[in-house]
Amino acid sequence: MADQPADKKFFENLSGAGKAIGVLTSGGDAQGMNAAVRAVVRMGIYVEAKVYFIYEGYQGMVDGGDNIVEVSWESVSSILQVGGTVIGSARCKEFRTREGRLKAAFNLIQRGITNLCVIGGDGSLTGANLFREEWSGLLEELAQSGKIEEEAVKKYVYLNIVGMVGSIDNDFCGTDMTIGTDSALHRIIEVVDAIMTTAQSHQRTFVLEVMGRHCGYLALVSALACGADWVFIPEYPPEEGWEDQMCVKLSENRARKKRLNIIIVAEGAIDSHNKSITSEKVKDLVVQQLGFDTRVTILGHVQRGGTPSAFDRILASRMGVEAVLALLEATADTPACVVSLSGNQAVRLPLMECVQMTQEVQKAMDERKFCEAVRLRGRSFENNLNTYKLLSHRKPDTELPKDHLSCSTNFNVAVLNVGAPAAGMNAAVRSAVRVGITEGHTMFAVIDGFEGFANGQIKEISWGDVGGWTGQGGSLLGTKRTLPAKYLEKIADQMRTNNINALMVIGGFEAYLGLLELSAAREKYDEFCVPMVMVPATVSNNVPGSDFSIGADTALNTITDTCDRIKQSASGTKRRVFIIETMGGYCGYLANMGGLAAGADAAYIFEEKFDIRELQANVEHLTEKMKTSIQRGLVLRNENSNENYTTDFIYQLYSEEGKGVFDCRKNVLGHMQQGGAPSPFDRNFGTKISAKAIQWISKKLRETYRRGKVFANTEDSVCLLGMRRRNLLFQPVVELKDQADFVHRIPKEQWWLKLRPLMKILAKYKTSYDVSDSGQLEHVARHSPKEADTGAI
């Protein structure tokens, strides 16, 4: 790595020498727990701390013996892609008693463990906090009974606790996502997509029951991601008379030639009187009132199982490393904390503040204060709910906004896709069209990007036209990389002919360049003096002004799944290293994050220069690892990382240098990374970011409408909507020019480069790790109702 500025605080300054860390998983299992365990173990060993597995959760801590075992680097090899938890999880009644905690304290002292990393739900973390508070008293009691020496009481005077929330329900306040939630959504959406094909064949209604006894997150986001007709969640019970309202909506959808209906029920769903709403009850209602062919599918534990998604692996790896950092920095005065995700940033929050807020949600629901319950769930949950309400039910024409500042006609808004196809584009278009119609606009679809625009391939698009689009991959509108510069006059003519008052562009770097060109052309063409907004959508994730782009998560999951299969193909054979080429142009996002999610030994990217010496060092490093019990190696290379060190060159180098120790295979993933059904993240992100973009357009149209005409020529009327750290921000495209490398079509600064050292550390390299941006202890944010519009997705 390049030399780092001396004034920054580096990980090298922290030492875990002499410290012992215990890691356990408790409560219900969740996909990604193993990735968290792996990160804790490897980061702990990296800083020269001893790391212990505590098998079977708190039960293993109470029982001691072989349940508490010191582990090595190789102990966590090949567990990244495994679901569940390899160290086991169990409910433990004994730990709830002081006698049980006394036994646990004795077992930890025997091994010098005074740092605990607990991966579990709020019950597990609350138990850990109680254990910490009682620690000194437990040690004194053990000393008085002669089980430990007085010296041990002084030496192990306090216990540090850091928690990570592993729960598929996403029911813990203080974090946007818990470990396992994204993977559970993958399972649900896979089932919904499969069910939709059979339901359409027979014109059926399907009622799906998903997990979530106390939290409706899975049900709500699944409903958003598949465009469900109705959803039942515990935090937002339906109004009185919901039975008739639901049946009217279902029959209206059938009348519009919709061949299937999907209803999603959270297992803890209730009505406004706190009475349970079950999937069977909903089915019986539909059959009795409408006579529709209706089936019930209860997903059950399938949601907990399977391979963790790329998002969960990266999240758990980041949290695991952050947890070790927090333990190393903890003092006797540091409260037990939980490592959380806020937007795109790791934060540390006081454990009991989060637990208290989580309990307040349940209290609000018990007292039937449902609006309060939704607010307490946080901005992300509230935004999901508001977006679902916007998109799920079309208002009657009589309720739509009719005039704008005394204007008798509605505004015309055009939507187009530009650049290469990206999974999630269709969800974004659907959201834009439906929110636009709800806002009172007439929506137009442009076929085949700017080229189609110039050729007049423009048509009005209705609410029903975009039904079922969320789960479709590619671009149903068609998309091309063509820029508008050579078609400016024709596009201006089409804008005038169709009276287009605003433009929404969904795409990658070409879309950004296109908006810059249209903005520059305003001096010559008044037709371009309208509000324009861009929503980033590209698998490369190379758009300036946004940490994430629609489509990148789907591509990342494709890469991760393929790497898993490729590594598995060598199972049982001799030692083998795989060289895999990813897409991304000059942007190394897919290679770097794919490497982190798949457990790669190296990832070569354009943004971090490398030479033959580094290649040689990587080969030697891998050769040494292969002489241990490690059997498979994985090396990723971004397609444009270096024009001379090609995939073939790296393959031949590794093959030659690894002779006698390992053999090599190579694989170019190609366009499969652009295909496939969009992931739940991309569906959800595309849906919410587009809804926000259209609402911005509505605001700008109102602001710029004067004397019967829209005229917008300021810089802030041409914006890109991007996710920056914790918030969604509208940024003028002109202001982003300084942040873009136009030659290589990448942003000059990219947040994920800070995760490069993390991948190297987890691959057993010694490297500098900048912790200046690591999570600092914060307090749980409580937002007011007005804040729901400002940020988190």
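Biologist: Helix α11 and helix α12 have axes that come within 8 Å of each other; are the two roughly parallel or roughly antiparallel?
Modeller: Keep in mind this is a predicted model, where local features need pLDDT of at least 70, side-chain atom pairs count only at pLDDT 80 or more, and totals for chains, interfaces and linings use all residues. Residues are numbered from 1 along each chain as its sequence is written, and side-chain values use heavy atoms, with hydrogens and water left out. The axes (lines fitted to C-alpha atoms, for helices over the stretch in contact, with angles from 0 to 180 degrees between N-to-C directions) of α11 (residues 351-366) and α12 (residues 370-377) cross at roughly 160°. With the cut-offs at under 35 degrees for roughly parallel, over 145 for roughly antiparallel, 65 to 115 for roughly perpendicular and oblique for the rest, that makes α11 and α12 roughly antiparallel.

Biologist: What is the make-up of the contact of α7 with α13?
Modeller: From α7 come Tyr 217, Leu 220, Val 221, Ala 223 and Leu 224, and they meet Phe 381, Asn 384, Leu 385, Thr 387, Tyr 388 and Leu 391 of α13. Sorted by type, the contact of α7 with α13 has nine nonpolar, two polar and no charged.

Biologist: Which elements do the buried residues of α3 pack against?
Modeller: Helix α3 (residues 98-110) reaches 18 Å from its first C-alpha to its last, close to the expected 18 Å, where the expected span is 1.5 Å times one less than the number of residues. Its buried residues (under 20% relative accessible area, with exposed over 50% and partly exposed in between, 1.4 Å probe, protein chains only) are Gly 100, Arg 101, Leu 102, Ala 104, Ala 105, Asn 107, Leu 108 and Ile 109. They pack against β2, α2, β3, β4, α4 and α5.

Biologist: And how many residues of α18 are buried?
Modeller: Helix α18 covers residues 552-569 and reaches 26 Å from end C-alpha to end C-alpha, close to the 26 Å expected. This helix is mostly covered, and the buried count, out of 18 residues, is 14.

Biologist: What is the relative accessible area of Gln 203?
Modeller: Gln 203 lies in the loop between α6 and β6. Its phi is near 50°, positive although the residue isn't glycine. Gln 203 is called partly exposed because its relative accessible area is 36%.

Biologist: Asp 448 has a positive phi as well; where does Asp 448 lie?
Modeller: The phi of Asp 448 is near 60°, again in a residue other than glycine. At 22% relative accessibility, Asp 448 is partly exposed. Its place is the loop between β13 and α15.

Biologist: Is Gln 494 buried or exposed?
Modeller: Gln 494 sits in helix α16. Beyond neighbours within four places in sequence, its contacts are Phe 453, Ala 454, Asn 455, Gly 456, Ile 458 and Ile 500. Its relative accessibility is 18%, so Gln 494 counts as buried.

Biologist: What is the relative accessibility of Ile 263?
Modeller: Ile 263 is in strand β8. Skipping neighbours within four places in sequence, its contacts include Phe 206, Trp 230, Met 246 and Val 286. Ile 263 counts as buried, its relative accessibility being 0%.

Biologist: How far apart are the C-alpha atoms of Glu 607 and Gly 588?
Modeller: Glu 607 is in the loop between β19 and α20. Leaving out residues up to four places away in sequence, Glu 607 touches residues including Gly 588 and Trp 752. Glu 607 and Gly 588 are 19 residues apart along the chain, and their C-alpha separation is 6.8 Å.

How values were computed:
Contact means heavy atoms within 4.5 Å. Helices (H or I, at least four residues) and strands (E, at least two) are DSSP runs, numbered from the N terminus. Ala, Val, Leu, Ile, Met, Phe, Trp, Tyr, Cys and Pro count as nonpolar, Asp, Glu, Lys and Arg as charged, and the others, Gly among them, as polar.
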